Amino acid sequence: MNIEATSTLRPLRRNMIAAIAALLFLPFLSSCSEDDLSSTSVVTADQIDYTEFDYWLQRNYVAPYNIAFKYRYEDNESDMDYYTIPARYDAAVKLAHIVKYVCLEAYDEVAGITFTRSYFPKLIFTIGEWEYKNNGTFILGTAEGGRKIMLSGANYIDQYSRNATDLNHYYLKTIHHEFTHILNQTKEYSADFKLITGADYVADKWSESPYNSGNLQRGFISTYAQHSDTEDFAEMLSMFICYSEEQWNKWMEEAGTSGAYLLEAKLDIVSDYMLSTFNIDIYLLRNAMQRRQRDLTEGRIDLTDLTK
């Protein structure tokens, strides 16, 4: 499962990177001989130089949650169908702080740390660039089998972390969207949810005309929500808690009477699911999220502090 966004960036960049990398590698290939090769592996765990960040992750992720936050590039954790690059060290540090403060600790506050320990995936892996697709969209993140969330685009964190709209679109909504998928894998939501707009899901056509506009009037909180009922459910919850009450009310007004009716019907099912299954009031969760998000965007949280 993944969450996608329409791309305004240039996917050609990845081809250029690949071409440059290939050119740089050619001299190495021509100069290597059997005598140059070493029997010592360059990827063994014994050779990792542990940093301040590694010890911070041990204190803030592993010890309280038993979650591994991987920022060093690993082929087996990334998707071979896309050109991907490592996250920068400084970008990974900031992203790890954001996930902890605005996501993990928001759930701690509302549902208790036992909930977060029990349900949040045990692996978060981040890469530097988005995963670009051929249809003009790019993947913001994926969730795999309830055990892993992959977050892409870490290297843009400085560009987007101080603006609430950008922060939500590129990072926070992605994390909560993917976590919703994991919760749904634990306990299915009511089949009534799909029936509300069941005939209107369009799979991968969601980013194409006429589906790339007018989604609110059709009862979908985002264009991507039109993909399928599973993506619709995850979009409903993640957008409700990531955006303010004022923004939600604006969307309902824009949706018109019929669109708002459909959206509120979906929200009722999402709210009941979270309360009855996990004892989480999504209105309280939104309040916690909004307060923590303001702390972040207004600079009250030091995203580089590795001493605590």
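Colleague: Hi! Y160 first: buried or exposed?
Modeller: Y160 is buried at 8% relative accessibility (buried means under 20% relative accessible area, exposed over 50%, partly exposed in between, with a 1.4 Å probe and protein chains only). This is a predicted model, where local features need pLDDT of at least 70, side-chain atom pairs count only at pLDDT 80 or more, and totals for chains, interfaces and linings use all residues. Numbering runs from 1 along each chain as its sequence is written, and side-chain values use heavy atoms, leaving out hydrogens and water.

Colleague: Thanks. What is the mean pLDDT?
Modeller: The mean pLDDT is 83, with 76% of residues at 70 or more; pLDDT is the predictor's confidence in each residue, from 0 to 100.

Colleague: And where does pLDDT stay under 50?
Modeller: Over residues 7–45, where the model has 22 contacts beyond four places in sequence (contact means heavy atoms within 4.5 Å). Where pLDDT is low, predicted coordinates should not be read in detail.

Colleague: Back to rings. How many aromatic pairs are there?
Modeller: The count comes to 28 aromatic pairs. The rule takes rings of Phe, Tyr and Trp (its six-membered ring) with centres within 6.5 Å; planes under 30 degrees apart are stacked, over 60 edge-to-face and the rest tilted.

Colleague: Why are Y160 and Y170 called stacked?
Modeller: Their ring centres are 4.1 Å apart and their planes are at 20 degrees, so the pair counts as stacked. Y160 sits in helix 5 (residues 157–160) and Y170 in helix 6, so this pair ties together parts 10 residues apart in sequence. Helices here are DSSP runs of H or I with at least four residues, numbered from the N terminus. Y170 is buried too, with a relative accessible area of 12%.

Colleague: What about W206 and Y224?
Modeller: That pair is edge-to-face, because the centres are 5.0 Å apart and the planes at 70 degrees. Both residues lie in the loop between helix 7 (192–196) and helix 8, so the pair ties together parts 18 residues apart in sequence. W206 is buried at 2%, and Y224 is buried at 3%.

Colleague: Switching topic: which ring does the charged end of K266 sit over?
Modeller: The ring of F220, 4.0 Å from its centre. That takes NZ of Lys or CZ of Arg within 6 Å of the ring centre and within 35 degrees of the ring normal. K266 also has a side-chain polar contact of 2.9 Å with T197 (N or O atoms within 3.5 Å; within protein, one able to donate a hydrogen and the other to accept it, and residues adjacent in sequence counting only if both atoms are side-chain atoms). T197 is buried at 2% relative accessibility, and its contacts include R218, D232 and L262.

Colleague: Nice. How many residues has helix 10?
Modeller: Helix 10 (residues 282–297) has 16 residues and spans 22 Å from first C-alpha to last, close to the 22 Å expected; that expectation is 1.5 Å times one less than the number of residues. At its start, a side-chain oxygen of D281 reaches to within 2.8 Å of the backbone nitrogen of Y283. G299, with a positive phi near 80 degrees, follows the helix.

Colleague: What covers its buried residues?
Modeller: The cover includes helix 3 (89–111), helix 6 (164–186), helix 8 (229–242) and helix 9 (245–278). Among the buried residues of helix 10 are R292, Q293 and T297. R292 lies over the face of Y101, 4.7 Å from the ring centre. In helix 6, A164 touches Q293 and T297, and A164 is partly exposed at 28%.

Notes:
Helix = DSSP H or I, 4+ residues; strand = E, 2+ residues; numbered from the N terminus.
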